[in-house]
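Here's a quick tour of a protein with a ligand in it. Have a look at the sequence and the 3D view, then work through the points below.

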Amino acid sequence: MIPTPDLSHLNSKDFRNIYEPAEDTFLLLDALEQDQDELRALHPSICLELGSGSGCVTTFLGSLLKPSLAYMVTTDINPHAAIATMATGRKNGISIDTVETSLVQGLLPRMRHSIDVLCFNPPYAVTPSSEIAGNGIEVSWAGGIDGREVIDATLPFVKELLSEKGIFYLLLVSDNKPDEVVRLLQEDGFNAHICLQRLAGREKQLIVKVTRRT
Ligand SMILES: C[S@@+](CC[C@H](N)C(=O)[O-])C[C@H]1O[C@@H](n2cnc3c(N)ncnc32)[C@H](O)[C@@H]1O
């Protein structure tokens, strides 16, 4: 069992500025752990997490892949997240490069078709569209119409980013119409299926796993 990253360097004051790991974060960790043999066998060179928040997910993935020397890189639009992610990596012995940017701005075309493991626990809550603008704590959850606006903005980048052997793990909730997201990814030529799901209170959370068709 891979231990949940030590986050003891972050306190309630930090979690006023960055997303505190919750059931959604842990579902993503469980999906990675479920696939640990496949992920190790992949020998990933570059792992990218979008919206890393505290850095819990990428730190966990880095620990899972140890002693592999995969390059771990994250983005987040919230400047506090970059600092927290690096600190979480350091605390747990995982080296992480962080980029303060929206989605993958600045990473393409340099990282075109080079991401072996891509993860995103996006802002998925249904909110007014106006709430997705900004870079504070509120963009941790604000997903606009159907909670899909940031998710839909991300989908076109998946085919740009994933390497031939790449795997993408995307967290969704039922409000996001996950079957439609799966269909959109399949129409884009990917294998996409729900690999894990769980109820968190009344909310159904699930992980979509995406790979290139061979
Ligand atoms: C639900 S939180 C997940 C945080 C962390 N990955 C976790 O699982 O605990 C969503 C994260 O996405 C970030 N985010 C929101 N919009 C973004 C955007 N356009 N580009 C990059 N990151 C974004 C938020 O700042 C937040 O850190």
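**Meet the ligand's neighbours**

In this predicted model, 18 residues surround the ligand, and the closest are Thr25, Gly51, Asp76, Leu103 and Asn121. Sorted by class, that shell holds 7 nonpolar, 9 polar and 2 charged residues. As for where the ligand sits, look in the largest pocket.

- Start with aspartate 76: an N or O atom in its side chain lies 2.6 Å from an oxygen atom of the ligand.
- Next up is serine 102, where an N or O atom of the side chain is 3.1 Å from a nitrogen atom of the ligand.
- With serine 52 it's the backbone that takes part: one of its N or O atoms is 3.5 Å from a nitrogen atom of the ligand.
- How much of the ligand does the protein bury? On its own the ligand would expose 590 Å², and the protein buries 97% of that.

**The overall build**

- The protein has 6 helices and 7 strands.
- Reading from the N terminus, those elements come in the order α-α-β-α-β-α-β-β-α-β-α-β-β.

- Some background first: most residues other than glycine have a negative phi, and most peptide bonds are trans.
- Histidine 43 isn't a glycine, yet its phi is positive, at about 45°. You'll find histidine 43 in the loop between helix H2 (36–41) and strand E1 (46–50).
- The peptide bond going from lysine 66 to proline 67 is cis, and its omega is near 10°. Proline 67 belongs to the loop that runs between helix H3 (56–65) and strand E2 (71–76).
- Leucine 108 and proline 109 are also joined by a cis peptide bond, with omega about 10°. To spot proline 109, go to the loop between strand E3 (96–100) and strand E4 (115–120).

Technical notes
Residues are numbered from 1 along each chain as its sequence is written. This is a predicted model: local features need pLDDT of at least 70, side-chain atom pairs count only at pLDDT 80 or more; totals for chains, interfaces and linings use all residues. Side-chain values use heavy atoms; hydrogens and water are left out. A residue is near a molecule or strand if one of its heavy atoms lies within 4 Å of it. A polar contact is a pair of N or O atoms within 3.5 Å; within protein, one must be able to donate a hydrogen and the other to accept it, and residues adjacent in sequence count only if both atoms are side-chain atoms. Accessible areas come from the Shrake-Rupley method with a 1.4 Å probe; for residues, only the protein chains shown count as cover. On a 1 Å grid over the protein atoms alone, a cavity is a set of points where a 1.4 Å probe fits but cannot get out, and a pocket is an open set with protein on both sides within 12 Å along at least five of seven lines; lining residues have an atom within 4 Å of a point. A molecule sits in a cavity or pocket if more than half of its atoms lie within 2 Å of its grid points. Ala, Val, Leu, Ile, Met, Phe, Trp, Tyr, Cys and Pro count as nonpolar, Asp, Glu, Lys and Arg as charged, and the others, Gly among them, as polar. Helices (H or I, at least four residues) and strands (E, at least two) are DSSP runs, numbered from the N terminus.
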